[in-house]
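Good morning, and thank you for joining.

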Amino acid sequence: MRAFLLIILLISPVLLMAQSITISGRVADRETHEKLGFASVGIKGKPVGTISNLEGEFDFHIPMEYRNEIMVISMIGYSNVELPIWSLQTDSVQTIYMDNSSYLLKEIVVVDSLHGGDILRKALSRIELNYPKKPFLLDGFYRDIKKVGGTNISLLEAAVKIYDEDYTEPRNKFKLRERVKLIEVRKSLGYENKFTGFFDQDNMLEDLLLHNSIRYRQIDEQDELLTTIKRLNNSVYNGREIYVIKNIMPYSLILYIDKSDFSILHLEYETGASEEIISKKNNMVS
């Protein structure tokens with residue numbers, strides 16, 4: 001009986017591992033071979049997915065039941081790539097190339113008079129129509145890497161579940177509304193070392209969630225922004241035409257907005273490196 005139980009215990013982990021497929025890949029531009037970070041990787045018609053990192057790399061863990069489905073890679077400005085999952089089940093990291101997508105105008109050209117500020121104002125007014133009205137739960141993965149002199153000195157990773165009630169505008173834009181449950185945490189051997197005290201020890205995951213400028217309505221609808229934000233050439237995402245608007249000073253803000261319903265699909269935000277937010281200590285720069 002003991003021997004039988006031991007065999008069962010040894011077999012169980014193998015069976016559990018067999019319940020999923022891991023596809024490792026790298027996304028790049030076909031012409032320039034530039035690595036494409038933040039490309040969406042998912043399964044056609046299924047609620048699972050991941051994104052590529054800054055180097056264009058991804059590890060996609062797929063339930064075994066989806067082994068005969070189609071994997072879809074999408075990114076703003078590029079045509080979707082669809083590949084059968086069975087063709088990607090190899091031990092090597094595969095490079096998947098994406099083609100730039102150009103939007104062809106119809107023969108009859110209708111003048112679009114919307115300015116960047118008009119598009120932004122309408123997109124912000126439709127947040128509660130385009131985002132969840134009911135409670136929702138997200139599975140998330142968090143990674144914090146600290147570097148000194150270009151060398152990684154510590155790593156913290158966590159699998160989390162994030163619960164939120166809805167996208168109703170909060171009364172306090174600087175108080176976290178989401179609730180976070182840590183599922184698993186791991187950190188490198190060098191996580192606690194002489195350099196870590198140099199970095200701010202705030203709750204980085206909380207900061208990350210609070211910087212969801214759409215969720216917390218942190219984009220000002222002031223006339224100054226609405227008059228200075230510029231409209232760029234339209235682009236394409238998932239085969240649909242989208243608006244692209246951009247602000248440069250005093251901070252960089254780029255928004256990609258669906259042309260049909262004015263939903264904000266993607267946002268890039270970067271603050272300027274002023275002297276007030278740079279600190280120096282022992283010849284190291286934060």
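I begin with a convention: two strands are said to pair if DSSP finds at least two bridges between them. Strands themselves are DSSP runs of E with at least two residues, while helices are runs of H or I with at least four, and both are numbered from the N terminus. Please bear in mind that this is a predicted model, in which local features need pLDDT of at least 70 and side-chain atom pairs count only at pLDDT 80 or more, whereas totals for chains, interfaces and linings use all residues. Residues are numbered from 1 along each chain as its sequence is written, and side-chain values use heavy atoms, with hydrogens and water left out.

Let me turn to the whole protein. It contains 5 helices and 17 strands. Of its 286 residues, 32% count as buried; buried means under 20% relative accessible area, exposed means over 50%, and partly exposed lies in between, with a 1.4 Å probe and protein chains only. The accessible surface is about 19,500 Å², and carbon and sulfur atoms contribute 53% of that surface. These areas come from the Shrake-Rupley method with a 1.4 Å probe, and for residues only the protein chains shown count as cover. A contact means heavy atoms within 4.5 Å. Among contacts with a separation of 6 or more, 53% are between residues 24 or more positions apart.

Strand β5, residues 70–74, is joined to β6 by 4 antiparallel bridges, and I70 has P84 in β6 as its bridge partner.

How many of the 8 residues of β13 are buried? The count is 6, so this strand, residues 240–247, is largely enclosed by the rest of the structure. Strand β11, residues 230–231, pairs with β13 in the antiparallel sense over 2 bridges. Strand β12, residues 235–237, also runs antiparallel to β13, and 3 bridges join them; here V236 has E241 in β13 as its bridge partner. The hairpin of β12 and β13 has 2 residues between the strands, and within this hairpin N238 takes a positive phi near 55°. On to β14: β13 pairs with it in the antiparallel sense over 6 bridges, and the two form a hairpin with 4 residues between them.

D258 belongs to strand β14, residues 252–258, and stands opposite I242. Is D258 buried or exposed? It counts as buried because its relative accessibility is 4%. Leaving aside residues up to four places away in sequence, D258 touches R240, E241, I242, Y243, S263 and L265. Its side chain also makes a polar contact of 2.4 Å with the side chain of S260. A polar contact is a pair of N or O atoms within 3.5 Å; within protein, one must be able to donate a hydrogen and the other to accept it, and residues adjacent in sequence count only if both atoms are side-chain atoms.

R231, in strand β11, stands opposite I245 in β13. R231 counts as partly exposed because its relative accessibility is 26%. A polar atom of the R231 side chain lies 2.9 Å from the backbone oxygen of L114, and the side chains of R231 and N234 make a polar contact at 3.3 Å.
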